[in-house]
Amino acid sequence: MGVQLRFGAAILAAALVGAGASPALAQKSADTLRITMRAALSNIDPYYNNERTGVVMHHQGWDGLVYRNPETFKVEPLLATEWKLPDTTTIEFTLRPGVKFHDGSAFTADDVVYTLNLISDPASKVSTPANYNWIDKAEKTGDMSVRVKLKRPTPAALDYFAMVVPIYPKAYREKVGAEAYAKAPVGAGPYKMTKVESGVSIDFERFEDYWAGSPKGKAAIKKMSVRFVPDAATEMTELLSGRADWIWNLNPDQFDSVNKFPNLAAVRKESMRVGYLALDAAGRTGADNPLTKLKVRQAIWHAIDRQTIADKLVTGGSRVPGAPCFPTQFGCNGEAATLYDYNPAKAKQLLAEAGYPDGFEVDLASYILPQWGSAIQNYLMAVGIRAKLNQLQVGALIQRAKAGELRAYLGTWGSYSINDVSAFLPNFFDGGADDYARDPDVQKWLIEGGSTNDAEVRNKAYSAAIQRITQQAYFTPLHTYVTTYGYSKQLEFTPYSDELPRFYLAKWK
Amino acid sequence: MSEPIAIHAPLTSRVGVAGFTVGIVIVGIIAVAAIIGNQLVPHDPFTQDLGNRLKPPFWMEGTQAGHLLGTDQLGRDYLARLVYGARISLLIGIMTVITSGLIGITLGVLGGFFGGRIDDAVLFAITTRLSIPVVLVALAVVGLMGSGLGLVVATLGLLLWDRFAVVARATTMQIRSLDYVNAARCAGASTSHLLIREILPNIASHLAVVATLEMALAILLEAALSFLGLGVPPPLPSWGLMIAEGKDYMFFSAWVIMVPGVALFILVLGINLVGDGLRNLLGSERSR
């Protein structure tokens with residue numbers, strides 16, 4: 001190990017010299033937290049991206065009506081001081097007075113009504129409609145009170161309000177328009193966005209007028225700059241050379257090595273994220289493609305040794321979910337799932353039965369770590385499926401997936417950290433842009449499960465959906481994610497299992 | 001100290017011969033490894049073993065018996081992959097030289113022999129080719145047609161013929177009106193006889209030197225393209241691809257990029273030594 005570290009240090013020194021020897025110390029003195037991320041954010045407007053980076057950014061820059069305590073997972077007041085549920089399809093919020101947006105305007109019921117009516121309207125084309133299609137309409141009942149009507153009973157409604165419903169400033173956004181808003185966004189969160197360069201960087205500064213007493217608290221670190229880099233190696237170089245103070249999703253293989261550096265810390269925490277392999281069972285990329293055949297899809301499930309991937313590649317306690325969702329989510333009933341063991345011989349046999357004794361070629365797009373994608377590729381290769389791996393950026397892949405252009409792709413879904421299966425399955429099976437199964441029964445069951453508060457009815461519907469999805473091998477859950485973080489030891493940072501780094505809670509030591 | 005200095009073997013030439021020998025030995029060993037190496041290495045270059053990943057090579061601690069050069073990030077034997085990669089590098093080098101040589105020599109000899117309009121056309125083709133950036137074209141080709149071994153050979157072969165053409169044209173011009181060519185012409189030899197039997201054999205030595213240079217260049221370009229994800233598609237173990245796959249690990253498991261990097265360096269060095277040696281040998285021959 002010594003030799004390797006020394007060699008690493010030599011490269012490091014070279015990298016430093018190459019960069020004109022920028023300061024190797026954390027930016028404690030400049031009070032600027034420098035963050036580097038791989039997934040370049042296409043649009044910072046929280047409703048117009050469905051990338052985790054976007055969720056992370058919006059929780060720094062925007063406030064929602066309620067806050068979910070990351071330790072207890074209890075929903076607490078944020079912009080709403082209290083709420084009532086007079087019946088199963090109504091929520092009445094009382095809003096907090098004296099809250100200001102970054103542009104100095106006051107927060108009122110108009111802003112909430114504007115936001116909710118905008119995002120629930122299909123014409124607004126938000127990125128994840130499944131997150132909002134349960135909202136019927138919002139109406140103003142007073143200057144500081146709002147009534148929200150739901151289309152159907154929605155058990156996880158408050159979780160959604162806490163995780164994915166930041167509030168827009170109506171006056172400002174209407175004045176500048178959606179496009180300009182994405183370039184100079186304004187929210188009511190602990191950090192204000194001072195400069196947004198799409199896909200390159202985002203600069204934040206502490207919002208000095210942030211309301212006192214918020215569970216998010218006033219940010220301790222004055223400035224924050226987020227930069228996007230293309231790959232993991234660059235990101236690691238930035239951290240090791242002291243040009244970044246915080247990175248995440250670093251390769252688990254480097255976890256121990258980073259921890260050996262005296263000035264760096266690496267921590268990990270299991271998150272609600274599930275890695276998956278999506279298969280075009282509906283024939284969106286071509287009506288008679290091999291993946292439309294059930295036996296081919298079952299062969300693919302049998303071909304991949306998911307347990308070994310979880311144990312040896314992902315590491316840190318990663319699990320293999322039986323059902324296509326995160327095991328703790330309500331309705332993620334693993335016992336309803338058809339299980340597929342690792343059995344390459346059976347996979348080959350199934351392929352032969354499906355009419356592909358010599359396998360076939362398929363394009364496999366991916367935005368997960370390249371070596372994880374290669375592992376899957378090799379497993380498929382071993383049974384005769386010659387997958388051509390095409391490594392893409394998250395945003396580009398999602399765009400092509402939604403357009404129905406990807407026959408098979410490797411991705412991850414974090415459910416917006418909502419502990420209910422309604423945040424997972426509908427995204428992939430509701431007949432929308434991400435649905436590569438197009439199974440009307442599954443769509444019906446998901447609506448059934450999502451439109452009542454009756455736990456028994458919900459479980460029954462979701463179990464039926466999971467049973468069909470796994471039996472038909474539409475969508476392969478590969479493993480749960482263990483998020484890795486690497487940061488400067490000068491930084492005091494706490495990771496939470498909801499995979500939402502809270503930079504407003506971070507401080508310098 | 002009156003020992004006469006041998007005129008036919010000056011000092012530079014002796015160094016040249018040594019270099020040539022070393023080059024031949026290096027290329028020979030790598031060629032043998034490429035051809036029969038995978039029969040000698042007891043592992044398959046494609047079989048992954050996730051429980052046995054990133055094992056260091058024999059000179060480091062924690063090495064695993066049986067994996068002489070360790071294993072890569074997916075537990076594949078690194079020696080097996082390296083040897084298989086040699087096959088791909090040499091294959092691409094040789095195939096590219098054959099393709100580009102055919103194109104370049106044909107154009108160059110025709111232009112140099114006939115001159116006039118034909119030469120103008122050949123010169124125009126060479127100028128056009130020289131103004132095309134290789135990597136950019138490769139990028140466009142891969143974007144349009146996907147990546148693959150055959151495509152890399154075709155792309156490089158169609159792009160790297162310019163030096164063959166320049167050298168063939170210049171040398172043909174030098175000898176086209178020499179006495180033996182004229183003699184053959186007067187004896188009634190056909191044009192094809194002149195080109196194939198009189199011109200080609202007499203410029204072959206120059207072309208052999210160009211061939212070695214082009215081969216080294218093609219191997220390096222393939223590695224560069226594969227590193228950029230535009231060359232040989234994974235999981236084929238091209239050396240460039242091995243470096244690309246290992247770059248995430250370079251800080252903490254440096255051998256993952258060092259091994260293919262050093263291999264690439266040695267192979268290209270070997271080929272260049274052969275080329276230099278050829279040039280020196282042929283040069284001293286001519287000076288006689």
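**View 1. The loop between α8 and α9 of chain B.** Pro235(B) sits in the loop that runs between α8 and α9 of chain B. This is a predicted model. A cis peptide bond links Pro234(B) to Pro235(B). Its omega is about 5°. Most peptide bonds are trans.

**View 2. The crossing of α8(B) and α9(B).** Helix α8 covers residues 191-227 of chain B, and helix α9 covers residues 239-246. Their axes come within 7 Å and cross at roughly 35°. The crossing is right-handed. From α8(B), the contact takes Glu222(B), Ala223(B), Ala224(B), Leu225(B), Ser226(B) and Phe227(B). From α9(B) come Trp239(B), Gly240(B), Leu241(B), Ile243(B) and Ala244(B). Sorted by class, the contact of α8(B) with α9(B) holds eight nonpolar, two polar and one charged residues.

**View 3. The crossing of α4(B) and α5(B).** Here helix α4 (residues 134-145) of chain B meets helix α5 (residues 149-159) of chain B. The axes come within 11 Å and cross at roughly 145°. This crossing, too, is right-handed. Val134(B), Val137(B), Ala138(B), Val141(B) and Met145(B) make the contact from α4(B). Leu151(B), Thr155(B) and Leu159(B) make it from α5(B). Seven residues of this contact are nonpolar, one is polar and none is charged.

**View 4. Chain B as a whole.** Chain B has 10 helices and zero strands. Along the sequence the pattern reads α-α-α-α-α-α-α-α-α-α. The C-alpha trace of chain B spans about 75 × 65 × 30 Å along its principal axes. Of the 288 residues in chain B, 46% are buried. Take the contacts in chain B between residues at least 6 apart in sequence: 71% of them join residues at least 24 apart.

**View 5. Leu54(B), a residue with positive phi.** Leu54(B) belongs to the loop between α1 (11-40) and α2 of chain B. Its phi is near 50°, a positive value in a residue other than glycine. Most residues other than glycine have a negative phi. Leu54(B) counts as partly exposed because it has 19 C-beta neighbours inside 10 Å, and a buried residue needs 20 or more.

**View 6. The largest nonpolar core.** This core has 228 residues. Leu65(A) and Leu279(A) have the most contacts inside it. Helix α2 (residues 78-114) of chain B gives the most to this core, 16 residues. Leaving aside residues up to four places away in sequence, Leu279(A) touches Leu291(A), Arg297(A), Ile300(A), Ala408(A), Tyr436(A), Tyr474(A), Phe475(A) and Thr476(A). In soluble globular proteins, nonpolar side chains tend to be buried together.

**View 7. The buried side of α9(A).** Helix α9 of chain A covers residues 306-314. Its buried residues are Arg306(A), Ile309(A), Ala310(A), Leu313(A) and Val314(A). They lie on the same side of α9(A) because they cover an arc of only 110° around the axis. These buried residues pack against α11 (370-382) and β16 (475-488) of chain A. Just after α9(A) comes Thr315(A), with a positive phi of about 55°.

**View 8. The contact between chain A and chain B.** Chain A brings 27 residues to the contact, and chain B brings 22 residues. On the side of chain A that touches chain B, the elements that give two or more residues are α1 (2-18), α6 (232-240), α9, α11 and β14 (385-391). The largest share of that side, seven residues, comes from α11(A). By class, the side of chain A that touches chain B has 13 nonpolar, 11 polar and three charged residues.

View 9. Asp245(A) lies in the loop between α6 and β11 (246-248) of chain A. Asp245(A) counts as buried because it has 29 C-beta neighbours inside 10 Å. Val126(A) is 119 residues from Asp245(A) in sequence. The two are 33 Å apart in space, C-alpha to C-alpha. Asn249(A) lies in the loop between β11 and α7 (255-260) of chain A. Asn249(A) is not a glycine, yet its phi is positive, about 55°. With 21 C-beta neighbours inside 10 Å, Asn249(A) counts as buried.

Methods. Residues numbered from 1 in each chain as written. Chains lettered and ligands numbered in written order. Predicted model: local features only at pLDDT ≥ 70, side-chain atom pairs only at ≥ 80, totals over all residues. Axes fitted to C-alpha atoms, helices over the stretch in contact; angles between N-to-C directions. Helix = DSSP H or I, 4+ residues; strand = E, 2+ residues; numbered from the N terminus. Left-handed = near helix turned anticlockwise from the far one by under 90°. Contact = placed C-beta atoms within 7 Å. Nonpolar A, V, L, I, M, F, W, Y, C, P; charged D, E, K, R; others polar. Buried ≥ 20, exposed ≤ 12 C-beta atoms within 10 Å, placed from the backbone. Arc of directions from axis to C-beta. Core = buried A, V, L, I, M, F, W, Y, C linked by C-beta atoms within 7 Å.
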